[in-house]
Amino acid sequence: MRKRIFGLLTLVLLSASGVSHAQTTKEQRKERQELAKTSKKNLYSFLLKDTPSQLPAYGDIIVYAVSGDKVLTLRDDVMASLGEEITDVEFSPTGFNFVTVGKGKKHGEARVFVTNDFGNVKYKHNIKKYGSPSAATYSPDARMLLVGTDKGIFSFDTRRFELVDTFPMPFVPTDMVMSSNGYYLALTDGKQVAVYNYADKRLRKDWNLDVEVTGMQFSPGNSEFAILDKDGLLGIYDTRTFVIKKNIDGLGDGISFDYNPDGKYVAVITSPQNISIVNILKDDDREYIDVEGDASDLRFITDTDKNALLAFNSTKKINIKRLSTIMPYYAKLVADKADEMMNEWLKMMPGETMEEYRARVNDETRAKQRRLFEDEVSTGLAGDLVSMSKISLGKYDRTNQVLNIEFDNMPSIFLPVPESAVGAFTNVEDLQVQDAKYGIMPNDNFELIYAKFHNKSNGETYIYDNLDRVPLNFMEGDDNMVSLEVLQQQQMEELKLQELKQKVVDEARLKNVISDHTNIAVDSRVVPDYDADGKKILNYVVRFSYEVEPDYSIREDFAPGKYHVSESGAASSMLSIVKQAFEGDMAQYVGNGKKLRVKISGAADGTPIRRVIPYDGSFGDFEEEPVYKDGLMTALSVNTKSGITQNEQLAFLRGYGVRDFLEKNVKNLGEMNADYQYHIAVSEDKGSEYRRIIAEFTFVDVF
């Protein structure tokens with residue numbers, strides 16, 4: 001049974017001409033070349049000697065196959081052969097190790113394999129002294145491997161493969177999956193399903209079903225948890241409460257399913273010869289795929305242009321099908337863009353006093369501005385739907401004096417028209433529609449909410465205005481709002497941050513550490529969220545960044561091959577602001593046991609490293625350290641013996657230097673429950689202006 005462990009990440013299918021992962025293995029590059037062949041075909045099939053039973057994947061990018069006792073590539077090369085039937089294969093989100101669960105002669109076997117940069121696969125561990133393994137999965141940050149046995153759940157560090165934690169289970173799991181935010185661990189024995197709060201190993205919800213469970217998954221974004229059973233029923237639950245949101249039935253034998261990358265659709269194998277693509281928002285909207293041969297597993301992927309692709313198996317084949325009819329999740333796009341625009345609008349304007357801010361930002365103006373942004377974004381996404389529609393004139397309601405205007409691609413509207421003017425509406429071609437605005441409906445379709453209808457036959461213009469319609473809640477509605485009191489507190493603190501920034505910058509310029517050609521930026525916002533118990537919380541996000549003008553960056557930022565923050569005047573000045581802020585006005589958020597998420601971005605330019613750059617080991621050695629590049633997880637190694645040979649390593653060390661500085665220089669930070677995440681970027685261009693760092697701090701549940 002296949003599971004998703006990479007739901008929050010952008011899913012991109014990469015061609016061989018654009019490798020984007022640090023230390024990507026040659027085997028993975030070959031797989032990308034194979035998958036790139038599908039880019040111009042509606043259906044592409046990879047032929048295998050045997051029929052695959054499962055389609056495990058690396059980060060929803062590269063699809064592999066399981067056949068009997070073997071793990072296979074798309075080119076039918078054997079990656080691992082166990083001599084026993086494989087019941088489950090899970091790849092680490094980094095792609096640098098994977099675990100197989102199989103049926104041994106006497107009891108289950110869980111074996112860990114690692115890959116290297118040359119595509120070689122090496123058997124590393126057999127997890128057998130902790131009971132009989134029956135299921136496995138990786139944590140979304142790739143740092144933990146969880147193995148379920150008849151004695152409980154055992155968690156191992158993925159780099160040292162040492163036992164870190166264990167806890168008992170009410171049944172022996174045959175399948176396990178973690179939510180991509182790390183909140184939940186779900187498991188099933190085929191009839192029972194249990195979801196645990198992973199941090200404290202506490203049961204959140206369990207089900208005892210009368211029918212076999214054939215699949216379970218968390219949606220992208222983790223707002224839903226879905227269970228598929230053999231009777232063809234897909235139950236979708238809200239992860240805040242684990243109360244049922246929707247049942248989708250009529251899914252045949254319910255063999256396997258997968259969410260598409262934005263969570264609007266599910267693909268379900270309803271029989272070995274049929275796949276259904278179901279719109280979750282309108283589940284009678286279904287598309288069907290006929291399968292030649294027996295299908296048993298599938299998964300969604302996307303290509304470099306973010307077009308939807310569906311991988312599924314059949315008799316001696318892995319098939320990749322392009323799905324041109326799948327539409328974007330417009331409500332999510334509108335909500336995300338409107339949130340971004342509101343974040344800017346909610347900031348204090350230059351020179352604006354707190355009194356002026358309070359007058360400008362209140363409950364009424366916030367709601368009105370949010371609606372304006374939503375309508376603006378919706379209209380931009382809709383395009384010119386009216387001009388693409390076949391328009392027809394319906395009946396006239398004399399009581400309300402409105403004329404029904406019908407469209408073939410949107411719901412009809414009722415246009416206010418005086419009864420004395422109805423006679424002028426005889427030819428629909430006389431109507432010219434201007435200034436059209438569109439909104440999103442609950443089923444994610446567009447509707448016309450405002451337009452001017454000019455009738456050429458009498459020269460009059462009639463206005464349809466439904467801008468004050470009942471608003472769509474856009475995923476979370478009022479739960480996504482932040483109180484004015486909290487907003488005002490955050491704005492006051494940002495003012496103090498800006499004053500502190502200017503003070504530090506002025507001092508650094510007096511000491512000639514930086515000049516006025518270095519610009520440091522401080523930005524903050526309050527972000528609504530939910531914790532693992534479904535409680536609404538507010539997170540405080542503070543972001544520090546800088547830019548140096550190109551002609552001055554080599555003097556004020558990192559020189560070629562340098563990675564210590566002390567070697568960059570811009571980086572050290574920025575971190576000085578962080579230190580003084582965290583030890584001063586923001587000290588209330590820095591304390592023992594409080595949760596902190598730190599996202600550190602390190603960048604390098606595209607200058608080739610022709611000779612090995614020595615690494616002084618001041619941060620320690622790193623072996624397969626999980627990092628993100630271009631939004632996708634990979635692994636990276638740096639040690640004193642091999643030195644620095646890749647720009648990705650330089651970018652990572654610049655980012656890690658931020659953590660090193662913080663831990664050594666910021667009081668009480670080490671007492672926090674801090675989670676560090678590293679993002680690296682390597683520019684195709686050359687120049688010191690592409691070498692920099694960014695630090696973003698999320699203080700969890702602080703208001």
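Visitor: Why is alanine 521 called partly exposed?

Guide: Its relative accessible area is 36%. Buried means under 20%, exposed means over 50%, and partly exposed is what lies in between, judged with a 1.4 Å probe and protein chains only. Alanine 521, at 36%, therefore counts as partly exposed. This is a predicted model, in which local features need pLDDT of at least 70 and side-chain atom pairs count only at pLDDT 80 or more, while totals for chains, interfaces and linings use all residues. Residues are numbered from 1 along each chain as its sequence is written, and side-chain values use heavy atoms, leaving out hydrogens and water.

Visitor: Where does alanine 521 lie, and which residues is it in contact with?

Guide: Alanine 521 belongs to strand S36 (residues 518-530); strands (E, at least two residues) and helices (H or I, at least four) are DSSP runs numbered from the N terminus. Apart from neighbours within four places in sequence, alanine 521 is in contact (heavy atoms within 4.5 Å) with Arg543, Phe544 and Ser545. Arginine 543 is 22 residues away along the chain, and its C-alpha atom is 8.0 Å from that of alanine 521.

Visitor: What makes alanine 142 buried?

Guide: The relative accessible area of alanine 142 is 3%, so the residue is buried. Alanine 142 sits in the loop between strand S11 (133-138) and strand S12 (144-149). Its phi is positive, about 70°, although alanine 142 is not a glycine.

Visitor: Is aspartate 76 buried or exposed?

Guide: Aspartate 76 has a relative accessible area of 14%, so it is buried. This residue is in the loop between strand S5 (70-72) and strand S6 (78-81), and its phi is positive too, near 70°.

Visitor: What makes H8 mostly covered?

Guide: Of the 19 residues in H8, 15 are buried.

Visitor: How far do helices H5 and H7 reach?

Guide: Helix H5 (residues 484-510), with 27 residues, reaches 39 Å from first C-alpha to last, close to the expected 39 Å. Just after H5, asparagine 512 takes a positive phi of about 60°. Helix H7 (residues 569-583), with 15 residues, reaches 21 Å, close to the expected 21 Å.

Visitor: What covers the buried residues of H7?

Guide: The buried residues of H7 include Gly569, Met574, Leu575 and Phe582. Their cover includes H5, S36, strand S37 (536-548), helix H6 (550-556), H8 and strand S42 (693-699).

Visitor: How many helices and strands does the protein chain have, and why is the chain called as compact as a globular protein of its length?

Guide: The protein chain has eight helices and 42 strands. Its radius of gyration is 28 Å, close to the 27 Å from the globule rule for 703 residues, so the chain is as compact as a globular protein of that length. The radius is taken over C-alpha atoms, and the rule is 2.2 Å times the number of residues to the power 0.38. The C-alpha atoms fill a box of roughly 90 × 75 × 45 Å along the principal axes.

Visitor: What share of the protein chain's residues is buried?

Guide: Buried residues make up 55% of the 703.

Methods:
The expected span of a helix is 1.5 Å times one less than its number of residues.
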